[in-house]
Amino acid sequence: MGRTAHEPDRRERNTEPVPAPRGDRPQAAPVDPEQLWPAADRPRRGRRPAFSREAITAAAVALADAEGLDAVTMRRVAAQVGAGVMSLYSYAPDKETLLELMVDHVSAELPLTDPLTGDWRTDLKHLARLQRAHMHRHPWLPAALSARRTLGPHTLAFLERALAALRPTGLDGAAKLEVFSLLTGFVASYVGHELTRSADRSPDRAAAEARYLAAVAADGHHPELAAALAAPGRPPTPETAFARFLDRLVDGLDTEPGAGGSEVLSPP
C-alpha cells in the first residue's frame with residue numbers, strides 16, 4: 001500500500017533513537033579505524049556532495065563548545081549545516097563516529113612545533129599543560145576522551161610527540177604508551193574536576209564546606225585530617241594547583257631495569 005502525501009516515509013522518522021534505560025542501553029559497535037580515517041581522503045563517486053565531513057564535524061564541535069556534548073545530535077548538527085538528517089549518515093553513521101571525528105578535529109589545534117628539551121620530565125609537563133589548555137577550550141573533551149576508541153591522524157601526531165619526549169627514558173614501547181595514557185587520563189580527570197567545581201562552587205558552598213571540615217577535624221576522631229588542615233595553605237590559583245599535582249605525577253615516575261633487561265616504569 002502506498003503512503004499518503006502527508007505521511008512521512010518510515011525511513012525519515014525516528015532518525016534520533018529514543019535512549020533506552022541506562023541498564024538496558026546497547027553498546028555502540030566499535031568504530032573501525034581502517035574504515036573511518038582513510039575515508040576522509042577517499043573521493044566520492046557521482047555527483048559532488050553538498051557538504052563535507054570536515055564541515056559537519058566543525059559544526060558538531062561548535063555545538064558542543066557552545067552547549068555541551070548532550071546537545072550534539074544528528075538532528076541538531078544537520079540543522080547547523082542546513083542538511084537533511086538522513087544525508088548526514090553517509091558521513092557519520094552514528095553519534096559515536098561523529099564523536100571520534102570531533103576529538104580528532106580539535107586535536108589539530110595542539111601545537112607540535114615547540115622543540116623538545118631532552119629532559120623528558122620537563123617535556124611531559126609541557127605536553128600536559130598543552131592538553132589542559134586544550135580541554136578548557138573544549139570543555140566537552142574530558143568526557144569524550146573516556147568514550148573514544150580510535151586514534152585519528154591529528155591525535156596520532158600528538159602521541160608521536162609524546163613518544164619522542166619519552167625517548168630519553170629508555171622505556172620500551174609498551175611502557176611509553178602506558179605513560180602517555182596515564183598522563184592524558186590525569187589531565188582529563190583533573191580538568192573534568194576543575195570544570196565541575198567551577199560550575200558548582202559558590203562562595204556560600206565553599207564556606208559551608210570549610211565549616212563542615214573544621215567541625216569534623218575538631219571532633220577528636222580525625223587527628224590526621226586535623227593536622228593536614230592546620231598546615232599552611234598553598235597558593236589557590238588553578239595553575240599552581242595543577243602544577244603541584246603534575247609535579248607529583250611526573251616526578252614520581254622513574255625508569256629502572258625490569259626483568260629480563262627490559263625497562264619498566266616503577267616508583268622511585
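Biologist: What is the relative accessibility of Glu109?

Modeller: This is a predicted model, in which local features need pLDDT of at least 70 and side-chain atom pairs count only at pLDDT 80 or more, while totals for chains, interfaces and linings use all residues. Residues are numbered from 1 along each chain as its sequence is written, and side-chain values use heavy atoms, with hydrogens and water left out. A residue is buried under 20% relative accessible area, exposed over 50%, and partly exposed in between (1.4 Å probe, protein chains only). Glu109 counts as partly exposed because its relative accessibility is 37%.

Biologist: Which residue meets the side chain of Glu109 in a salt bridge?

Modeller: A salt bridge requires a side-chain nitrogen of Lys or Arg within 4 Å of a carboxyl oxygen of Asp or Glu. Glu109 meets Arg137 in this way, at 3.6 Å from N to O. The pair links distant parts of the chain, 28 residues apart, with Glu109 in the loop between α5 and α6 and its partner in helix α6.

Biologist: Which residues are linked in a network of salt bridges?

Modeller: Lys125 also meets Asp251 in a salt bridge, at 2.9 Å from N to O, and this pair joins helix α6 to helix α12 across 126 residues. Lys125 counts as buried at 14% relative accessibility, whereas Asp247 is partly exposed at 32% and Asp251 is partly exposed at 40%. The network is made up of Lys125, Asp247 and Asp251.

Biologist: How many helices and strands does the protein chain have?

Modeller: Along the sequence, the elements follow the pattern α-α-α-α-α-α-α-α-α-α-α-α-β-β. The chain has 268 residues, of which 32% are buried. Its elements come to 12 helices and two strands.

Biologist: Which residues does Met102 touch, not counting residues up to four places away in sequence?

Modeller: A contact means heavy atoms within 4.5 Å. Met102 is one of the buried residues of α5. Leaving out residues up to four places away in sequence, Met102 touches Thr57, Ala60, Val61, Ala64, Leu69, Val72 and Trp140.

Biologist: How far apart are the end C-alpha atoms of helix α5?

Modeller: The expected span of a helix is 1.5 Å times one less than its number of residues. Helix α5 (residues 95-107) has 13 residues and should therefore span 18 Å. The model agrees, because the end C-alpha atoms are separated by 18 Å.

Biologist: How many of the 13 residues of α5 are buried?

Modeller: What covers the buried residues of α5 includes α1 (33-36), α2 (53-67), α3 (74-81), α6 (120-137), α7 (141-145) and α8 (153-165). Among the buried residues are Leu98, Glu100 and Asp104. Helix α5 is largely enclosed by the rest of the structure, because the number of its 13 residues that are buried is 10.

Biologist: Which residues does Thr184 touch, not counting residues up to four places away in sequence?

Modeller: Thr184 is found in helix α9. Thr184 counts as buried because its relative accessible area is 16%. Apart from residues up to four places away in sequence, Thr184 touches Gln131, Met135 and Leu145.

Biologist: What distance separates the C-alpha atoms of Ser87 and Phe51?

Modeller: Ser87 belongs to helix α4 (residues 85-88) and counts as partly exposed at 31% relative accessibility. Ser87 and Phe51 are 36 residues apart along the chain, and their C-alpha atoms are separated by 9.1 Å.

Notes: Helix = DSSP H or I, 4+ residues; strand = E, 2+ residues; numbered from the N terminus.
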